[in-house]
Amino acid sequence: AGKPLSLEEIEVAPPEAHEVRIKIIATAVCHTDAYTLSGADPEGKFPAILGHEGAGIVESVGEGVTKVKPGDKVIPLYIPQCGECKFCLNPKTNLCQKIRVTQGQGLMPDGTTRFTCRGKQVFHFMGTSTFSEYTVVADISVTKIDDSAPLDKVCLLGCGLSTGYGAALNTARVEPGTTCAVFGLGAVGLAVVVGCKAAGASRIIGIDINKAKYEKAKEFGANECISPKDYQKPIQEVLVELTDGGVDYSFECIGNVDVMRAALEACHKGWGTSVIVGVAGAGKEISTRPFQLVTGRTWKGTAFGGWKSVENVPKLVCDYMAKKLKVDEFITHVLPFDKINEAFDL
């Protein structure tokens, strides 16, 4: 924790029953990887192989695996979909719990790891560990995608893009003609902007202290962008004035509990909904006056944009292939794997 990643030669064991070994072709870097690497993540286990936004090709499968076969193009999933637990059977959530406990411990479902380095065990991360030439995942944590999909692009659908896009479409269920505010214009925030636009929002306001992000946000569908630093008063008051009472939907895409409060309080009385997308640091708590909720605002959270992963990620890939979903436009840099620490610096 707290140090750059080190490139090591490791041994990746064959997949056990109901496991899949994948040759990773491309991986993206997500803020959650940086958060765990920093040492601030209470679930962080070391030594580990990080990474959870990847795409690759099935190399081999363990006994009992039926949904994928060697040669299939796949995306590993940090939220699995077993199709059997009470979470999978409930249409209101995508939070499959089948392997949650072992995944949080950095282990495979049988309580062991498939990675060794210089004879010592290395932990898995988020059930995916995509920062490795080969990785092993549970068969419920992988989904087969279109054979013609470019893996160096669709790897982004393994986390950030799907999360933001789904936050607008599935969690908030943004309606046509509504006003939305998106706090934080990184990859996830931009994906929320794309989702709000796809849902037919008539006004999308981006909020970020980094004005260099405004041009991209407008390309993706934001109507205007503002910085809290340009105002003397709290940003929620600014938004309430700008929108005649507040926005219909707001999204916090940073992981800052003060911004989460501002996002809720920027919502319209009576019907405003605010969605927490960002992951706050360990031990942080949110606060607001209960009157904000008594007077009709709704506070919600989302994980992986509410998508049931195994069934929906292939559909998102198809939407991208049909040019219905932006992915290429999110990519600013492509680096060889041995420069992964430069990717974190960027």
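Visitor: Where does Pro47 lie?

Guide: Pro47 sits in the loop that runs between α1 (31-37) and β3. Keep in mind that this is a predicted model.

Visitor: What is the omega of the peptide bond from Phe46 to Pro47?

Guide: Omega is near -5 degrees. The bond from Phe46 to Pro47 is cis.

Visitor: Which size would a compact globule of 346 residues have, and what does the protein have?

Guide: The rule for 346 residues gives a radius of gyration near 20 Å. The protein has 20 Å, so the two agree. Along the principal axes, its C-alpha atoms fill a box of roughly 60 × 40 × 35 Å. The protein has 11 helices and 14 strands.

Visitor: How many of the residues count as buried?

Guide: Of the 346 residues, 52% do. The cut-off is under 20% relative accessible area.

Visitor: What share of the contacts with a separation of 6 or more comes from residues 24 or more positions apart?

Guide: Such residues account for 71% of those contacts. To count as a contact, heavy atoms must lie within 4.5 Å.

Visitor: Why is α4 called largely enclosed?

Guide: Count its buried residues: 10 of 12, so the rest of the structure largely encloses α4. Among the buried ones are Gly160, Leu161, Tyr165 and Thr171. The cover over them includes the strands β3 (53-61), β12 (249-252), β13 (273-276) and β14 (298-301). It also includes the helices α5 (187-198) and α10 (309-321).

Visitor: What comes just after α4?

Guide: Arg173, with a positive phi of about 50 degrees. Arg173 belongs to the loop between α4 (160-171) and β9 (179-183).

Visitor: Why does Arg173 count as exposed?

Guide: Exposed means over 50% relative accessible area. Arg173 has 59% relative accessibility, so it counts as exposed.

Visitor: Which residues does Arg173 contact, leaving aside its neighbours within four places in sequence?

Guide: Ala168 and Tyr249. Arg173 and Tyr249 are 76 residues apart in sequence, yet their C-alpha atoms are 9.2 Å apart in space.

Visitor: What is phi of Ser129?

Guide: Phi is near 45 degrees, a positive value in a residue other than glycine. Ser129 is in the loop between β6 and β7 (134-138).

Visitor: Where does the largest share of the lining of the second largest pocket come from?

Guide: From strand β6 (residues 120-122), which gives three residues. In total, 28 residues line the second largest pocket. Nearest its centre lie Ser6, Glu8, Ile10, Ala48 and Ile49. The pocket holds about 860 Å³ of space.

Visitor: What classes of residue line the second largest pocket?

Guide: The lining has 18 nonpolar, three polar and seven charged residues.

Visitor: How many cavities of 30 Å³ or more does the structure hold?

Guide: One. The largest cavity has about 40 Å³ of space, and a cavity is a place where a 1.4 Å probe fits but cannot get out.

Visitor: Which residues line the largest cavity, and what are their classes?

Guide: Ile99, Thr102, Gln103, Leu107, Met108, Pro109, Gly127 and Ala138 line the cavity. Five are nonpolar, three are polar and none is charged.

Technical notes: Residues numbered from 1 in each chain as written. Predicted model: local features only at pLDDT ≥ 70, side-chain atom pairs only at ≥ 80, totals over all residues. Heavy atoms only, no water. Helix = DSSP H or I, 4+ residues; strand = E, 2+ residues; numbered from the N terminus. Buried < 20%, exposed > 50% of the residue type's maximum accessible area, 1.4 Å probe, protein only. 1 Å grid on protein atoms, 1.4 Å probe; cavity = no way out; pocket = protein on both sides within 12 Å on 5 of 7 lines; lining within 4 Å. Points joined across faces, edges and corners; volume = space filled by probe spheres on them. Nonpolar A, V, L, I, M, F, W, Y, C, P; charged D, E, K, R; others polar. Rg over C-alpha atoms; globule rule 2.2 N^0.38 Å.
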